[in-house]
Amino acid sequence: MEIVLQALANGIVSGSLLAVPALGFSAIFAVLRYPNFAIGSLATVGAYAAWSANTAFGAPVLVAIGAGAAVAGLTGIALEAVALDRLGRGGPLMKAIGSLAAAMILENVVRFGFGNDLHAFDLPLARDVMVGPVRVGPQQLAGLAVALAVMAAVWAFLSLTSLGRSMRAVADNPDLARLKGVSPRLVSLVTVFVGAALCGIGGTLVGLDASLDPLVGGRILLSVFAAAVVGGLDSIPGAVAGAFLIGIAEEFTVLALAPAYRLAVSFAVIFLVLSFRPAGILGRAAR
Amino acid sequence: MLTYVLFALVVGSIYALLAQSLMLSWGLAGLVNLGLAGFFALGAYASATSTTWGHVPVPVGIALAVVAAAAAGFVVCVSTLRLRDDYLAIVTLGFAEVVRIVASNEVWLTGGTDGISGVPVLVPRSAGLGFHAGTLAIVAVAVAIVYALQRRLLLSPWGRALRAIREDQIVAAVAGKSVVRFKAEAFCLACAIAGLAGALYGHYTSYVAPDQFQPLVSIYIFLAVTAGGKARPAGPVVGAYALVAFLEATRFAGELIPGVSPVQAAALREILVGLGLLVVLGLRPEGLLPERSQKAPAP
Amino acid sequence: MTFLDRRRVLQAGAVLAGALAAPALLRAQSGPIRLGTLTPLTGAGGSYGPAMATTVRRAADEINKAGGVLGRELLIISEDDQTSPEAGLRAIRKLIDVDKVSAVIGTWASSVTTAVAPVCWESGTFLATVSGADSITLLPHRGYLIRTQPNTTLQGRKFGGFALEIGAKTVAFVSPQTPFSDSQYAELGKTVEAGGGRTTKLIYDDKKTTLRTEVDAVLRGKPDAIVMGGYTNDTAILVRDLYRANYKGRLLGFGFAINKQLVEALPAEVSEGILTLSPSAAEGSDGYKHVARLLGTDSPDPYSCQVYDHLNLVALAMAAGRGDTGTVIKDTVRTVSQGGGERVDSAVEGLKRLAAGAKVDYDGASGPCDFTPIGDITDSRFRYEEVKGGRITLLKIA
């Protein structure tokens, strides 16, 4: 029983780390209607920015996370403005393929600048403590707290600010939103910034928990996609629910099957969900 | 030098088959297959295991590869075709990763990360240049056959229906076309071509291992198809050979830049490939050979 | 077009072809001797390839400063195998057919080595590799391949012996899926069981960013020692999660995983006490320190040491065989690597002795570099090291 509880706790923690970039991916999908395959590289860029802020400039962790978010967000906007936006004429799939190319470029820009060597944040590592029968790490709890705070902030932004409400309006019905005087261009850029910044935060949280190299974002990419698809691709709460489901499923794979089959299980989950609920847990019906 | 050129042409022809596969699913049916590397792998493994360990003749192995890849294509697409196209893109990406995981871990079935070496060849390796030239002839014939088939398909009622579905599936459905069936047929056929490419690749290099089928291969093929033009049978073929020429040329470009370390030169190479794709997509999204508009058949 | 009849065109063509071919012939006789490195600069092996390529370049510079080989400079051409056999194959064809290298140094992933080896033996190009899979030296390579990485049987046995030596009775083997994880575990198990202990195994996914549940599963077996079979990036995650889980037993890992990068990326108290094994030359050999000087570090990684040896062996073999082809290297490499003679630990030193008419026996940075007929090293001592206070410190060489 403890074993199951422990895996559940581990799954919740890793699910929370997936949830942040999954939110970013789903936000971009909901408003701009294309799957952005550069989210893994944006996470890497954010993680390296945060790491540079932390180790080169001595920024405390929360400031470093902010720096990672800002740099990833700006990188996302630059990509959208310089390259991806103009591909939109060819349809959303052209943008998706363009984002794949952008991912390759970003990963190698990081490699060019920082090399392939392993890096880690300048932080002591805390031992885990027992909470009842379950072992939890103080730093993992901090990561979980940051992830939850970010999710809450995104929710507040979407429901309480006018820009956030515009984003939701465009996501729900772009034509209607335009009639109401919402600038689609502004909303798109804000969404891309927020989405990319969320990816940057996600990458930084993974970098804080583990270590970083140019492939760090690529490692979580497929799990993030799985989370977003399970959640319904364009649903913000769906992405969060999907992330926790995938995170927990991956940890239970270690117990029940073989650790190497983690991603295979993620995709089995996708197949099951799509077969029984084609629109994802919380997504809208297929159009 | 001649060996190098022949080798690059064989690789270009394998890429051409993969590009033809993508042209059929993406260009004609609008189905984005990001898991091309997975079907490529499946074909390579089906033929390599059956010929190397099962000792069946190579043509039988190749036929098995085609069937296996088509069957896998059916399984992958059947649950997603009713959904938006984005789902298929992500599911196929995951499929390719699952193929790699299974190939790495099921040692009894695939030889694991060690791979399968000593796969039977199409032309004896002892023939030297003849080995490369002979293989090139076989692979080029395969490309030509697929090309001829695609031209016929494109002009057939089936091809017209497919393009009608790509343009507007609701209208096509109203016109009485079974959208899902057409899409599934196109996707399975495309996967079969990728499987054929995998089988031929394994029989050329005599070696099949999970690391060969990384997602990067799928990106390369997208670059080839976009560059060549994704809606005409000649487009992917031209694009694939151009891609191999471009990939090989970037090696020499890296040597010309002074003052960069080997790892920086390698990073620059991949940046160039990514930039190449973005530039082609941005400046000439329809590729070198754009789709010909077709006259409606005479009433 | 009367002034350009067919005969003249043919003549002009012949002249042109001759002019193009002539420099190529001249180059083959008197230009620099061309050698290739094929290491992973991108992809999963990317943390190792850059240092390997740099080591070979710097070592070649030293040889060139001392007068080169056979009076000619060494020219190193570095290609990236992208940690993929498909890309590796394209790269090596360019190295062999366009650059006309006589030897390729440094293939790392076993799959890449297996894919490129046939191209090497068919074209008469010498291949020196650091790949570990047992199957590699069993390929029909006709002598064109050597490897300096000890095979997994030997390594498994050494790890087993090391675990027993530090008093472990229950040993867990934790590794990603690699071509040698199975055979290494089998040998480790035999050795530990012969010493009265027992072993367990867990294969993890090396792309996972947290291994907490895996660590829980391993620790339920209450191992006294854990042998880690992964590479630097995934081992760093494993070590962190073991530390968080308050694991108090001993950790053992390959020298190529527990390297300077890993130690620098972990707080000192986390890496404290990790034990490592890597192939080594006898005590007192200067090769290891030489590589350290070349790379400007105090603990060079085992792969850099091995490619340093590859280059030196290739240079010495060409000088001893008085030729620059892969076949010459294949035929003479064992006359400079073993069989008695003056012991040398660098090519610069060895080339001087060879010029003076002596026979040399190269002992390198990674070991004595004596090879069996199929290209495996016959014997290796191992460096036993321990991480202390954030530094990798030598325990013994045995």
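I took helices as DSSP runs of H or I with at least four residues, and strands as E runs of at least two, numbered from the N terminus. The model is predicted.

**Entry: elements of chain B**
I looked up the secondary structure of chain B. I found 12 helices and two strands. Next I read the order along the sequence. The pattern is α-α-α-α-α-β-α-α-α-α-β-α-α-α.

**Entry: overall form of chain B**
I checked the radius of gyration of chain B. The value is 19 Å. A compact globule of 299 residues would come near 19 Å, so chain B agrees with that rule. I then took the box around the C-alpha atoms. Along the principal axes, chain B fills roughly 60 × 50 × 35 Å.

**Entry: burial and contacts in chain B**
How much of chain B is buried? I got 59% of the 299 residues. I also looked at contacts with a separation of 6 or more in chain B. Of these, 77% join residues 24 or more positions apart.

**Entry: two helices in chain A**
I turned to helix α5 (residues 138-160) and helix α6 (residues 162-172) of chain A. At what angle do they pack? The angle is about 85°, and the axes lie 5 Å apart. Angles of 65 to 115 degrees count as roughly perpendicular, so α5(A) is roughly perpendicular to α6(A).

I listed the residues that make this contact. From α5(A) come Phe157(A), Leu158(A), Ser159(A) and Leu160(A). From α6(A) come Gly164(A), Met167(A) and Arg168(A). I sorted the residues of the contact by type: four are nonpolar, two polar and one charged.

How values were computed. Residues numbered from 1 in each chain as written. Chains lettered and ligands numbered in written order. Predicted model: local features only at pLDDT ≥ 70, side-chain atom pairs only at ≥ 80, totals over all residues. Axes fitted to C-alpha atoms, helices over the stretch in contact; angles between N-to-C directions. Parallel < 35°, antiparallel > 145°, perpendicular 65-115°, else oblique. Contact = placed C-beta atoms within 7 Å. Nonpolar A, V, L, I, M, F, W, Y, C, P; charged D, E, K, R; others polar. Rg over C-alpha atoms; globule rule 2.2 N^0.38 Å. Buried ≥ 20, exposed ≤ 12 C-beta atoms within 10 Å, placed from the backbone.
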